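The following exercises concern the structure shown below. Each begins with a task and continues with a solution in steps.

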Amino acid sequence: MAKINIAHFIENTEVEGPGKRFAVWVQGCLRHCPGCCNPQFLDFIPKTILDSQQLCSHIKTSQCDNGIEGVTFLGGEPMLQARGLSEVASFCRKIGLSVMVFSGYTLEELQKNDIPFTEELLQFTDLLVDGAYDQNKPEKERNWVGSTNQRFHFLTNFYKDGIEFDERFSHSFELRFISDGSIITNGFPWQVVMESNRP
Ligand code: SF4
């Protein structure tokens, strides 16, 4: 049972992939793309450490409570925590949930197998969005991605090619008003921003 260093998660969101999803942002990324939407998630520092079984338990609860159709892994870089996430993805598959992964690495880079457990995570991934964000190539047409160089790979037939253009999911974001006065936003282009109204 591997540990996962989690920057943030949302049990039920409709803007991080098709349908209702449990979204997990992992902590840590080597790329440091200019204009990255989540610069606070790039450093390799401990945040919320859960083992894969604990995360699976949260996901199962959301499936029962919210009827989610899948999970989305974002970051940070999910492939750098592929061991734990592959265990979670395997569990999700078993309970009928789809798995979507955003990676700053291209599929070709991942297939070189230089990063441990990427093969396992890809094995349980239905929809991979690959490639590092390029702020000089802003995406205007497709759902969920920030730049035109990023590609959708339909690794199973769970989703149909073209869903990235489906207007039902077109560029949107969510606002959450938390009881402590803070506001959390997420969504296009997959940023998470936490602001506090507290003095
Ligand atoms: S790969 Fe993604 S998370 Fe990493 S720096 Fe680039 S945009 Fe940010």
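**Exercise 1.** Does glutamate 69 count as buried, exposed or partly exposed, and how many C-beta neighbours does it have inside 10 Å?

*Solution.* The model is a predicted one.
Step 1. Inside 10 Å, glutamate 69 has 16 C-beta neighbours.
Step 2. A buried residue needs 20 or more such atoms, and an exposed residue has 12 or fewer.
Step 3. Glutamate 69 is therefore partly exposed, with its 16 neighbours.
Step 4. Its place in the chain is the loop between H1 and S4.

**Exercise 2.** Identify the contacts of glutamate 69 beyond its neighbours within four places in sequence, and follow the chain of contacts to serine 98.

*Solution.* Step 1. With those neighbours set aside, glutamate 69 is in contact with Gly19, Lys20, Arg21, Leu97 and Ser98.
Step 1. The C-alpha atoms of glutamate 69 and serine 98 are 6.3 Å apart, although 29 residues separate the two in sequence.
Step 2. Serine 98 belongs to strand S5 and counts as buried because 22 other C-beta atoms lie within 10 Å.
Step 3. Apart from neighbours within four places in sequence, serine 98 is in contact with Glu69, Gly70, Asp126 and Phe158.
Step 4. For glutamine 150, the C-alpha to C-alpha distance from serine 98 is 20 Å, at a sequence separation of 52 residues.

**Exercise 3.** Determine where glycine 17 lies and whether it is buried or exposed.

*Solution.* Step 1. Glycine 17 occupies the loop between strand S1 (3-13) and strand S2 (21-26).
Step 1. Within 10 Å there are 29 other C-beta atoms, so glycine 17 is buried.
Step 2. Its contacts, leaving aside neighbours within four places in sequence, are Gly70, Thr72, Met100 and Trp144.
Step 3. Tyrosine 159, which is 142 residues away in sequence, is 11 Å from glycine 17 in space, C-alpha to C-alpha.

**Exercise 4.** Examine the backbone at histidine 32, tryptophan 144 and the bond between glycine 75 and glycine 76.

*Solution.* Step 1. Most residues other than glycine have a negative phi, and most peptide bonds are trans.
Step 1. Histidine 32 has a positive phi, near 50 degrees; this residue is in the loop between S2 and strand S3 (48-51).
Step 2. Tryptophan 144 also has a positive phi, about 75 degrees, and lies in the loop between S6 and strand S7 (151-154).
Step 3. Histidine 32 counts as exposed because it has 11 C-beta neighbours inside 10 Å, whereas tryptophan 144, with 27, counts as buried.
Step 4. The peptide bond joining glycine 75 and glycine 76 is cis, with omega about 10 degrees; glycine 76 is in the loop between S4 and H2.

**Exercise 5.** How many residues of strand S8 are buried, and in which sense does S8 pair with S9?

*Solution.* Step 1. Strand S8 has 5 residues, 173-177, and the number buried is 0, so the strand lies largely in the open.
Step 1. S8 pairs with strand S9 (residues 182-187) in the antiparallel sense over 5 bridges, with phenylalanine 173 opposite glycine 187.
Step 2. The two strands form a hairpin with 4 residues between them, and glycine 181 in the turn has a positive phi of about 95 degrees.

Definitions and conventions: Residues are numbered from 1 along each chain as its sequence is written. This is a predicted model: local features need pLDDT of at least 70, side-chain atom pairs count only at pLDDT 80 or more; totals for chains, interfaces and linings use all residues. Two residues are in contact if their C-beta atoms, placed from the backbone, lie within 7 Å. Two strands pair if DSSP finds at least two bridges between them.
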